[in-house]
Amino acid sequence: MKPLLAMLVLSFVACGSTQRDDALEVTYYYLQYCRVCDANRAQLSQLPQELHGAVSVRTVHNLAPEAKETAKAQGWNSHGLVIAQGRRIVYAAADHRANTYDAHVALRELLNLPLDCR
């Protein structure tokens, strides 16, 4: 049984991330019980459908270890938004300066799509 488990772990590690190098991922690190963050999360959740699956969206509570590390690395006070293309960060906004309109514009530019009338 142990050799089988070792094979599974090894194959998982060898395969690495399934995210493509050019895949766009929006990660929003949010504050719980914040109306602004709740509104941003609701709007961001619509992006995959609106952009026909060209982007994925994740939300992470700002107290999660990943969020704390990102906030420290980006110089944020507590939370924010990151758009990554593969492993490269192509857009970041801190705290409540992170908004869905700016993220939407950045994504449309990255995808070479025309901007809408908002």
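**Figure 1. The structure holds four salt bridges.** A salt bridge here is a side-chain nitrogen of Lys or Arg within 4 Å of a carboxyl oxygen of Asp or Glu. Side chains of opposite charge can pair when their charged atoms come close. This is a predicted model: local features need pLDDT of at least 70, side-chain atom pairs count only at pLDDT 80 or more, and totals for chains, interfaces and linings use all residues. Residues are numbered from 1 along each chain as its sequence is written, and side-chain values use heavy atoms, with hydrogens and water left out.

**Figure 2. E25, R58 and E66 form a network of salt bridges.** E25 pairs with R58, and their closest N and O atoms are 3.6 Å apart. E25 lies in strand β1 and R58 in strand β2, so this pair ties together parts that are 33 residues apart in sequence. Strands (E, at least two residues) and helices (H or I, at least four) are DSSP runs, numbered from the N terminus. R58 also meets E66 in a salt bridge, at 2.4 Å from N to O. E25 is buried, with a relative accessible area of 17%. R58 is partly exposed at 30%, and E66 is partly exposed at 31%. Buried means under 20% relative accessible area, exposed means over 50%, and partly exposed lies in between (1.4 Å probe, protein chains only).

Figure 3. D38 is partly exposed, with a relative accessible area of 32%. R41 is partly exposed too, at 26%.

**Figure 4. The largest nonpolar core has 18 residues.** A nonpolar core is a set of buried Ala, Val, Leu, Ile, Met, Phe, Trp, Tyr and Cys residues joined through side-chain atoms within 4.5 Å. V26, Y28, V55, L81, I83 and L107 touch the most other members. Two or more residues come from each of β1 (24–30), α2 (35–44), β3 (80–85), β4 (88–94) and α5 (100–110). Strand β1 gives the most, with four residues. In soluble globular proteins, nonpolar side chains tend to be buried together.

**Figure 5. L107 touches residues from L24 to I83 in sequence.** Its partners are L24, V26, L47, L51, V55 and I83, leaving aside residues up to four places away in sequence. Contact means heavy atoms within 4.5 Å. A second, separate core has seven residues, among them Y29, A67, A71 and V82.

**Figure 6. Helix α5 has buried residues covered by several elements.** The buried residues of α5 are T100, A103, H104, V105, A106, L107 and R108. Their cover includes β1, α2, α3 (47–50), β2, β3 and β4. At the start of α5, a side-chain oxygen of N99 comes within 3.1 Å of the backbone nitrogen of Y101.

**Figure 7. H61 sits in strand β2 (residues 55–61).** A polar atom of the H61 side chain lies 3.0 Å from the backbone nitrogen of L63. This is a polar contact: a pair of N or O atoms within 3.5 Å, where, within protein, one must be able to donate a hydrogen and the other to accept it, and residues adjacent in sequence count only if both atoms are side-chain atoms. H61 also touches Y30, Q32 and A67, not counting residues up to four places away in sequence.

**Figure 8. D95 and N112 have positive phi values.** Most residues other than glycine have a negative phi, and most peptide bonds are trans. Phi of D95 is near 50 degrees. D95 is found in the loop between β4 and α5, and it is buried, with a relative accessible area of 8%. Phi of N112 is near 55 degrees. N112 lies in the segment after α5 and is exposed, with a relative accessible area of 70%.

**Figure 9. The protein has five helices and four strands.** Along the sequence, the pattern is α-β-α-α-β-α-β-β-α. Buried residues make up 35% of the 118 residues. Among contacts between residues at least 6 apart in sequence, 57% join residues at least 24 apart.
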